[in-house]
Amino acid sequence: MTIRITSDSTCDLGHLVKEKDIGILPLQVNLDANAYFDGVDITPQDIFKFVAETNILPKTSAPSIGDYEEFFKKQLEMGDVVLHFNISAKSSGSHSFAKQAAESFGGKVRVIDSMALSSGQGLLVMKAVDLREEGKSIDEIEETILALREKVNTSFVPDSLDYLYKGGRVSKMTLYGANLLKIHPQILMEKGQLVPGKKYRGKMMMCIKQYIDDLKEMYPKYDKTRCFVTHSTADPELVEFAKQKVQELFDFNEVIETVAGSIITSHCGRNTLGVLFICED
């Protein structure tokens with residue numbers, strides 16, 4: 001049985017999509033009356049320009065049930081079954097729509113709520129690819145992925161809370177305090193939803209150092225297969241520092257840099273950075 005691995009575009013896997021032959025269905029980004037598709041005809045730079053000019057965030061939307069049905073039909077031309085991943089159901093309606101669409105295919109399409117976003121979701125997609133390459137069955141892959149979902153460290157540190165404030169995720173008072181005191185809070189996923197974590201204070205470089213130090217202390221046991229350093233078009237010096245710090249403290253087989261797409265960028269803003277991996281405990 002040929003297993004086709006697919007995901008919505010929020011997995012932020014960059015070059016790995018083509019290398020691992022992962023099917024991607026883009027979510028939609030709306031700038032005023034113009035609609036674009038994540039990873040197809042819009043870039044993070046377009047988002048930054050739009051927000052700077054209008055002072056409002058773009059609107060994002062999930063594919064319709066019909067879009068998913070059409071996507072799954074095409075994917076089944078390349079495989080006997082499809083295992084599809086969605087951004088957390090608590091962040092988007094895409095998972096619900098995908099599940100409804102999957103009902104039309106008589107069990108040939110299975111849909112997983114990643115309970116994550118960005119490369120946190122990507123970690124699960126890549127684990128599914130690994131298991132497929134090991135010759136695991138669709139049942140074995142799905143069972144393993146469902147057990148791993150709550151072990152994925154999906155976290156990041158934003159340089160600014162402006163985008164989170166514009167999106168209604170932090171209060172005006174929180175924004176004011178962060179700007180005044182140079183606070184960069186850790187944002188993380190717990191049970192599929194974003195929650196605030198530790199607050200870091202000072203320049204972004206120092207905050208990222210403390211953040212990675214904390215990750216090492218919090219997760220002494222981890223899956224060494226891979227780690228993602230994912231950022232929203234962050235300063236090159238900051239990205240390189242983060243990668244070197246991860247390689248210094250951890251023992252991953254791969255430390256992979258990926259850039260967040262337009263959907264994730266729309267909510268976090270420029271210079272946000274996260275270190276994401278699968279934990280064992």
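Me: Hi! Is lysine 199 buried or exposed?

Reply: Exposed: in this predicted model, lysine 199 has a relative accessible area of 63%. The cut-off for exposed is over 50%, so lysine 199 falls on that side.

Me: Nice. Which strand is lysine 199 in?

Reply: Lysine 199 belongs to strand S11, which covers residues 193-201.

Me: And what does lysine 199 touch, leaving aside neighbours within four places in sequence?

Reply: Its contacts are then Ile183, His184 and Pro185. Glutamine 186 is also worth a look: 13 residues separate it from lysine 199 in sequence, and the C-alpha to C-alpha distance is 6.1 Å.

Me: OK, what about lysine 191, where is that one found?

Reply: Lysine 191 sits in the loop between strand S10 (183-190) and S11. With 59% relative accessibility, lysine 191 counts as exposed.

Me: What's phi like for lysine 191?

Reply: Phi there is near 50 degrees, which is a positive value in a residue other than glycine. Aspartate 12 also has a positive phi, near 50 degrees, and is likewise a residue other than glycine.

Me: Good to know. Is aspartate 12 buried or exposed?

Reply: Aspartate 12 is buried, at a relative accessible area of 5%. You'll find aspartate 12 in the loop between strand S1 (3-8) and helix H1 (16-19).

Me: Switching to helices: at what angle do H9 and H10 pack?

Reply: The angle is about 25 degrees, and the axes of H9 (residues 204-218) and H10 (residues 236-249) are 10 Å apart. That angle makes H9 roughly parallel to H10, and the crossing of H9 past H10 is right-handed.

Me: Which residues make that contact?

Reply: From H9 you have Met204, Met205, Ile208, Lys209, Ile212, Asp213 and Lys216. H10 brings Glu237, Leu238, Phe241, Ala242, Lys245, Val246 and Leu249.

Me: How do the residues of that contact divide by type?

Reply: In the contact of H9 with H10 there are nine nonpolar residues, five charged and no polar.

Me: Zooming out, how many helices and strands are in the chain?

Reply: The chain has 11 helices and 14 strands. Its radius of gyration is 18 Å, close to the 19 Å from the globule rule for 281 residues, so the chain is as compact as a globular protein of that length.

Me: What does the C-alpha trace span along its principal axes?

Reply: About 55 × 45 × 30 Å.

Me: Last one: what share of the residues is buried?

Reply: Buried residues account for 52% of the 281 in the chain. As for contacts with a separation of 6 or more, 76% come from residues 24 or more positions apart.

Methods: Residues are numbered from 1 along each chain as its sequence is written. This is a predicted model: local features need pLDDT of at least 70, side-chain atom pairs count only at pLDDT 80 or more; totals for chains, interfaces and linings use all residues. Side-chain values use heavy atoms; hydrogens and water are left out. Axes are lines fitted to C-alpha atoms, for helices over the stretch in contact, and angles run from 0 to 180 degrees between N-to-C directions. Helices (H or I, at least four residues) and strands (E, at least two) are DSSP runs, numbered from the N terminus. Angles under 35 degrees count as roughly parallel, over 145 as roughly antiparallel, 65 to 115 as roughly perpendicular and the rest as oblique. A crossing is left-handed if the near helix is turned anticlockwise from the far one by less than a right angle, and right-handed if clockwise. Contact means heavy atoms within 4.5 Å. Ala, Val, Leu, Ile, Met, Phe, Trp, Tyr, Cys and Pro count as nonpolar, Asp, Glu, Lys and Arg as charged, and the others, Gly among them, as polar. The radius of gyration is taken over C-alpha atoms; the globule rule is 2.2 Å times the number of residues to the power 0.38. Buried means under 20% relative accessible area, exposed over 50%, partly exposed in between (1.4 Å probe, protein chains only).
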